[in-house]
Every structure is written in structure tokens, then in C-alpha cells.
Amino acid sequence: MPAKALIIAFAFRRKKIKSGELAAKFGVSRQYASRVLRELVAAGKLVKIGTTNATVYVLPGLGNTAEGRIEKRLSNKNLKEHEVFEDIASKATFMFSLSENLRSIFTYAFSEMLNNAIEHSGSKNIQIDVEKNDQTLAFHVNDFGVGVFRNIMRKRRLRSEVEAIQDLLKGKTTTQPKAHSGEGIFFTSKIADVFTLESHRHRLVIDNILEDIFLEELKPAKKGTKVTFRIAAASEKHLNDIFRKYQTDPTEYGFDKTEVQVKLYTMGTIHISRSQARRVLAGLEKFKSVILDFDHVPTVGQAFADEIFRVFKHRYPAIDIQPINMNEGVRFMVERVDKE
Ligand SMILES: Nc1ncnc2c1ncn2[C@@H]1O[C@H](COP(=O)(O)OP(=O)(O)OP(=O)(O)O)[C@@H](O)[C@H]1O
Ligand SMILES: [Mg+2]
């Protein structure tokens, strides 16, 4: 086995080393290499990051801590999200300090959002950055293409970007049904602590800490789409729990359950009408179970309640609609619907 100084020099050149690499380089067993690395860690010469197979050893104080930032501007030509991901993971040592659950959340969320920019935006360039500090892991995917809401509005012939946002939030809204299923933004926005989409004049914030959704006016307007994803570095969320939450059969994977925030359909009006109910219901026939969240909805019209709880129910008797967070007035309107 080489002198420890040689190993340190090797680590210095490579920025980070794994026990397997060390074993191969110096022709010793992996166990032996691991032992030497552990001794160097105990002596404060190297820092160990990660666990089991993902363990790497880095020099202390060379930007090799659990903090860091990486950014890239990519040309959107033959880009593959997994290659970009691997490139980042190999360059950003802080990635190795992520817990197992966070690593899979990041892999999923980042790949989905980058895939969207690659396949849907039509943008020539895509900017990405990833940042981690003691508190937070965050990333951005920024493109300069058609814009997520406008893309959906045009291809689905909707009247406004707000209608596109309403449909997008239900899930299973895709403009490329042959190759895509409309799940990426739905699940990524649910697993984040805070998820933001900015495009043209709209900023959509899904704040899972406050358990609320905000639609704000964006000034100045943003060309294309900017995604912001943020999650606590100590988050104990698991991707599978989120997938399971939106499936009616816990044993079999199938995205067949969704949630709709009725308040997003009642903005700027007090008259909550039958045509608004139809907007709420658009696309919900693709699900088996729907939670209708009436939080912050002061009142609904009789026709609104009738359209949802009688007309739609009659047409799709197998779909379960569960209203939640109703105030007195809304509950009165929903309960007086003649369900026969
Ligand atoms: N960066 C973007 N630029 C333009 N349109 C976008 C962008 N990201 C998403 N979209 C639009 O939003 C829709 C929904 O995106 P989402 O990721 O939820 O589903 P999908 O990509 O269609 O399917 P899946 O993610 O399941 O493969 C897309 O079909 C596309 O129309
Ligand atoms: Mg997608």
C-alpha cells in the first residue's frame, strides 16, 4: 500500500475518491483501502461524505463540504436529462451529503423538470442551477421558450393562461399524450416544500408548508418558463408516500386520485356559476377519486353545486367526489342538491 501522502495527493487530484477507485489504482483489496481511508478521516486528513455505496472521501475545506452551488447553461440540442444529472452529481460534491430519501426526490424532481424544458419548451438554451446549504436544497430550471401555461392554453384551446393553470394542477394534463402522461409537474409540485412556476405574467406558487396555492401577477413578464424547487435539507419526505397518496389502491401503482382547489375557479367573481363548475370538472373523468377543496370559497351558486353533485355524478357514477373544508353556506348548497 502506498504512503498515506500519496493517497492524499490522489484525492487532491481527483477532488474526491471512493474506496473502490483507490483499491483499483494501487492494486489492494477494497477492505484494505476502506481501512486506510477511515484512518485518514480519523486523522482529519480527509472528510467522509455519504453512506454505503455512495461514500466518497474528499479533502477538508476545499469547497467539499455539504454546501455548494452549481450552475450551467445548456444548449437544448440532443440533451438528455439523465446525462445532465450525472454530470452535476459528479461535479457537485455536496450532492453526496444528501440523505437517501432526498437524493431520490431530487433525482425525480430535477429530471422531470429538465425533461419538460427539453421536450416542451422549444427553447434553444436552458439554464439550471442547484444549491444546497445547511437548511435547504433548491434548484431552478429556466428556459426561454413558449411558456408552460401558454403552451397548454394554445394546444388545448383554452381561453386563458389561468384556465391552463387550473387544468395543470389537476394532473394528467399533457399536450403530448402519446409520449407523456401529465404527471411530472403534479408530483414534483407535491413533493417540494415550495414549488414555483413563473411564465409570462403569472407566478404560481404551491406552498406545501403553508398548505396553500397562490397565483400572483408577475412583473416584469418572464419569457419561457422558470421552475423553482425548494425542500428542507433535513426533510423526511419520501417520494413513494406522495405517489401512494394519489392512488386509490395502495398496492397497485396508478395515478387515479386528485385534488382540486375550488378557490382557483372563483377569483374575481362572486357569482359561482354552472359554467365555472364545468371548468372545475374538465378532465376529472380521468380519475376515480376527486377531493374538492372549498377552502377560502365563501359561497357557491345552486347551479354550481347541482352541476357537480348531480349532473356529473349522474354521468360518472363510479367517480367518488369528496368535498372538504366547506363553510356553512357552501355546505348548505351542496347538501340541498337533489342527488336522485
Ligand atoms: N418548460 C415548459 N415549456 C412549455 N411547456 C411546458 C413546460 N413544462 C411543462 N409544459 C407543459 O405542461 C404540460 C404538463 O407537464 P407535466 O410535466 O406535468 O406532464 P408531461 O410532461 O406532459 O408528462 P410527464 O411529465 O408525465 O412525462 C406539458 O404537457 C406541456 O404542455
Ligand atoms: Mg413532464
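1. The model is a predicted one, in which local features need pLDDT of at least 70 and side-chain atom pairs count only at pLDDT 80 or more, while totals for chains, interfaces and linings use all residues. Residues are numbered from 1 along each chain as its sequence is written, and chains are lettered from A and ligands numbered from 1 in the order in which they are written.

2. Ligand 1 is surrounded by 24 residues, the closest being Asn116, Thr174, Thr175, His180 and Gly184, where a residue is near a molecule if its C-beta atom, placed from the backbone, lies within 6 Å of it. Two or more residues of this shell come from each of helix 5 (100-120), helix 6 (148-155) and helix 8 (184-191), and helix 5 provides the largest share, 4 residues; helices (H or I, at least four residues) and strands (E, at least two) are DSSP runs numbered from the N terminus.

3. Buried here requires 20 or more other C-beta atoms within 10 Å of the residue's own, with C-beta atoms placed from the backbone.

4. Strand 5 pairs in the antiparallel sense with strand 4 (residues 68-75) over 8 bridges, and 7 bridges join strand 5 to strand 6 (residues 136-143), again antiparallel; pairing means that DSSP finds at least two bridges between the strands. Ile126 is the bridge partner of Leu74, Leu137 is that of Lys132, and strands 5 and 6 form a hairpin with 3 residues between them.

5. The largest nonpolar core has 60 residues, of which Ala109, Met113, Val141 and Ile308 touch the most other members; such a core is a set of buried Ala, Val, Leu, Ile, Met, Phe, Trp, Tyr and Cys residues joined through C-beta atoms within 7 Å. Helix 5 gives the most to this core, with 9 residues. Apart from it lies another core of 12 residues, including Ala33, Val47, Ile49 and Val58.
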